[in-house]
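Student: Please walk me through a few features of this model. I would like the general idea, then the case at hand.

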Amino acid sequence: MTTDAYTWLNADTDEVRAWQEQQVSKAMGAARDFPGFAELVEEIAPLMAGQLAGALADRRKVAGRWFWLDRNEDGTAQAIRVAEDRDAPGQVLVDAAALTAERGDDRATTLIYPEPSPDGRLLAFSAAAGGDPFGQFLVVEVDSGARLPVAVPAMQGNLIRPAWLPDSTGFFLAGRGETGGHTLRFVPVTGGQEATWAVPGIPPTSLSVVPQVSPGGGRVLAVTAPHEHLATMIADTATGEFRRFAPEDFHGELHGDWLDEQTYVAISTDTPRGRVVRIPVATSTDPATWQELIPASDLVLRSLYRLGEHLVVTALNDVSLDIRSYTLDGAPVATAALPLASASMQLTILSRLPTGTEAFAFSASSFTTSDTTYELHPETGALDVLAQGDSLDDITVEQHFATSADGTRVPYYLLARTDLNRTEAQPTLVSAYGGFNIPKLPTFLGALTPWLRSGGIYVHANLRGGSEYGREWYESARRQHKQNTFDDLHAVAEDLVRQGTATPETLAFQGSSNGGLLAGVAVTQQPELWRAVVPTMPVLDVLTPVPDGPGAEMIRSVYELDYGNPADPADAAVMARYSPCQNIRPGVRYPAVFVVVGNSDIGCPPQQARRFVAALREASSSAHPVLLRVWTAVGHGSLDPRIAAELQAEWLAFVMRELGITLMPRG
């Protein structure tokens, strides 16, 4: 059975809207009638606010001033702060609430990517309304707070950040031309001529590019993003003429920072876990002229920054954050003393490409400690704590390994209350991602704290398709190998049942985005293993192209990177074997399902979710509920802590009800 009978749900008609409103009402009722739901939201809201703030804080020291993303004075909205002193609370430079009021509607403004000019006098930042995936880059004077007449449309996220010229007269910003090709746009701020250059040579599977301007301003690199960073093309900023930077046949990632106008230093994944090389700009396409500075090791290299006379390299060491400093010639200097099982979204997932900073500040967390902000001293490896996170007590963290269908060892973390009875099967919630070269990191439990406190077990699985163990871990589960991701999840679930942690009646799965595809496949390929499944912001139909509209071509190209091209018969045959919408079978006892989507999500559109839910409900032989929750003014998630908290609380309440957990009050 496929969802073809429900193609009418693709349309935007009164009939479809009425049907969707009915589904939303059912889903909200099922979730919000859970005893203690209001208390759950109130507990989760500050946890979500803290997680969002920590992930996006990105403290920068430029021209003697500190800049970071935070909350406004009354805590009601995001704000960008500036301070002369590192340890000062700073003053609000940009208040998202003021931008919302100025716009004149009730959609909360989302701020990301504050980027100060090299002289510290100006700040560029991205602002968007509600869940809109598109926003504008605005510019504000730091001393006066006055906004300049600059408003450049750009997609929010995907590392579309501005790269300032060294003289602070303007910045480069990535975009797309009328035919969908990649462009770099120069935006003059204090004089100069605006220009838009087509960037040749960028593969169509790259969602965007990030510009990196050389220290003297004479060159700009175009680096692909966000899933693979490859310094592909380089241009003369005086002429806009591009040439190849990476070798023509280079496969993998090549990205880092400038040493000087003639030299670039980069992580190169021409070895599976990466090595660091010094590249002469003039002969960059000839690897024979590269000089190895840091050889390959067991570390999975993720980002590299030049900080004065040091190189700072961030890596994963058995999925945990590792930060080391070296001389500019690659000699080891120090290793940062980080807690075990640490993670930094900034440095290993959201990793901005360097644009120059006078200090190395970052946020890191663990499963049991929320984001702590540090400043690294590269000459010693010492860490100054700028803001200490909160800690959870009495939580056991264990790492286990399951064996996948092809014999691969698949790691997963298991977390539970220290006093929980582990001799009996308990309600167990599994989460995983497994795609797009993105590692699933041991970040703070945050909004899952009520689950563990109430007696649930949480399992954090590191499946192939991510980058936890380097390039091979990623390549072994994409396109024609995508089934390995699903087999890895199957292996983890079976391992949990085998060791007595859970049974199929106490096992639930939740995944977001590509993890939402994983959730859909868990439903259709593994229905006998799961009691409840929650796909949030999911990809549920990889064979039907994303509907036309702004940004659609970009999303299609990045899906091709991981899933394949549905227009290619060979790719389509592979995709058809796992695409959730195409693999629903009548008469199967499907688990309880709670699908969550945002109505503004261009990459995981509600149309797919509507068809999936309608077909699954008709096909299932069980009495388990199959529900659809569509959020208004929400895109691929929400940076509004209240909305994010309610979204999380709804699906968590659904799982707790289905698995028979009673919410245990705090304290």
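This is a predicted model: local features need pLDDT of at least 70, side-chain atom pairs count only at pLDDT 80 or more; totals for chains, interfaces and linings use all residues.

Tutor: Residues are numbered from 1 along each chain as its sequence is written, and side-chain values use heavy atoms, leaving out hydrogens and water.

Student: How do α1 and α12 cross, and at what angle?

Tutor: Two packed helices are described by the angle between their axes and the distance between the axes. Axes are lines fitted to C-alpha atoms, for helices over the stretch in contact, with angles from 0 to 180 degrees between N-to-C directions. Helices are DSSP runs (H or I, at least four residues), as are strands (E, at least two), numbered from the N terminus. Here α1 (residues 14-32) and α12 (residues 641-658) have axes that come within 8 Å and cross at roughly 70°. The two are therefore roughly perpendicular (65 to 115 degrees).

Student: Which residues of α1 and α12 meet?

Tutor: Contact means heavy atoms within 4.5 Å. From α1 come M28, A30, A31 and R32; from α12 come E646, E650, A653 and R657. By class, this contact has four nonpolar, no polar and four charged residues. Nonpolar covers Ala, Val, Leu, Ile, Met, Phe, Trp, Tyr, Cys and Pro; charged covers Asp, Glu, Lys and Arg; polar covers the others, Gly among them.

Student: How many disulfides does the structure hold?

Tutor: A disulfide is a covalent bond between the sulfur atoms of two cysteines. The test is a pair of cysteine sulfur atoms within 2.5 Å. The search of the whole structure finds zero. For C581, the nearest cysteine sulfur is that of C604, 12 Å away.

Student: Is C581 buried or exposed?

Tutor: Buried means under 20% relative accessible area, exposed over 50%, partly exposed in between (1.4 Å probe, protein chains only). C581 is buried, at 0%. C604 also has 0% relative accessibility, so C604 counts as buried.

Student: Where is S284 found?

Tutor: S284 lies in the loop between β19 (275-280) and β20 (291-294). With a relative accessible area of 1%, S284 is buried. Beyond four places in sequence, S284 touches R243, R244, F245, P247, I279 and W290.

Student: Which helix holds L452, and what does L452 contact?

Tutor: L452 sits in α5 (residues 449-453). L452 is buried, at 1% relative accessible area. Leaving aside neighbours within four places in sequence, its contacts are I395, L415, A416, R417, L445 and Y458.

Definitions and conventions:
Angles under 35 degrees count as roughly parallel, over 145 as roughly antiparallel, 65 to 115 as roughly perpendicular and the rest as oblique.
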